[in-house]
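Trainee: I've got this one on my screen. Walk me through it, please.

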Amino acid sequence: MESSILIESSKTAGKCQRNWLDEAVDETDLDTIIDSCMNMPTKQNVPMYELFVVRDKNTINELYDNSYVPELESEDPERWRNGQMLAPAMLLWFSSSFVKHPPEGELYDTSTTHIDSVKLNAGICMGAAALSATVLGYNVGFNCCVKEDTLQRIAKTKNADIGPFVCALGVGKPDPKLIRNVVPKNRKLKSSLKVSTEEHRKEKIVHYI
């Protein structure tokens, strides 16, 4: 693979997509994304997170309906939703039920049980998923702002002992009629929502020694 493809794909992965075509992600492509990201390392090879792959439209609609910006929710609950949660495929990371967090006053191996370690290891997996998806020609959008009770209820249908939610990634083809940061008017938005973004906010700080 040409290095330029990886660079351009990483640029796409670094920008949150908030609108989508109503077009399913190819099953073979989805399997490739899942396999590639789940091959990433974890501390001592411990299963620190679990991945939920959501393609059911009703469930995706429920995730979207319960996505929000906490500081804006009380002002106008119909004003804001996170469009990245309406992608045709949603990947949801949760702390694994295998991760046994220590009772108060008792010490475990914090390198594999601390929630920060879980998030770090899950983040490595997420990055691989995003890059794999964009290499295959899809756009992606990360999001953490979804109501925890909704997420837990959905996840517990597959694993009653699942741990806390970590992050979500939407995967799909973008709507070519809209710029990436526009959430179109829908049943939860009174009008289209343009999410402010600073295209040059992130500096690439690299130190060579």
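Trainee: Where does Leu120 lie?
Mentor: Leu120 is in helix α6. Helices (H or I, at least four residues) and strands (E, at least two) are DSSP runs, numbered from the N terminus. This is a predicted model: local features need pLDDT of at least 70 and side-chain atom pairs 80 or more, while totals for chains, interfaces and linings use all residues. Residues are numbered from 1 along each chain as its sequence is written, and side-chain values use heavy atoms, leaving out hydrogens and water.

Trainee: Is Leu120 buried or exposed?
Mentor: Leu120 counts as exposed because its relative accessibility is 58%. The cut-offs are under 20% for buried and over 50% for exposed, with partly exposed in between (1.4 Å probe, protein chains only).

Trainee: New topic. How many aromatic pairs turn up in the whole structure?
Mentor: Two. Rings of Phe, Tyr and Trp (its six-membered ring) pair with centres within 6.5 Å; planes under 30 degrees apart are stacked, over 60 edge-to-face, the rest tilted.
Mentor: Phe52 and Phe94 pair edge-to-face, at 5.1 Å centre to centre and 65 degrees between the planes. They sit 42 residues apart, Phe52 in strand β1 and Phe94 in strand β2.

Trainee: Is Phe94 buried or exposed?
Mentor: Buried, with a relative accessible area of 0%. Phe52 counts as buried too, at 13%.

Trainee: And which residue makes the other pair with Phe94?
Mentor: Phe165, again edge-to-face, 5.5 Å centre to centre with 65 degrees between the planes. Phe165 is in strand β4, 71 residues from Phe94. At 9% relative accessibility, Phe165 counts as buried.

Trainee: What do Phe52, Phe94 and Phe165 form?
Mentor: One aromatic cluster.
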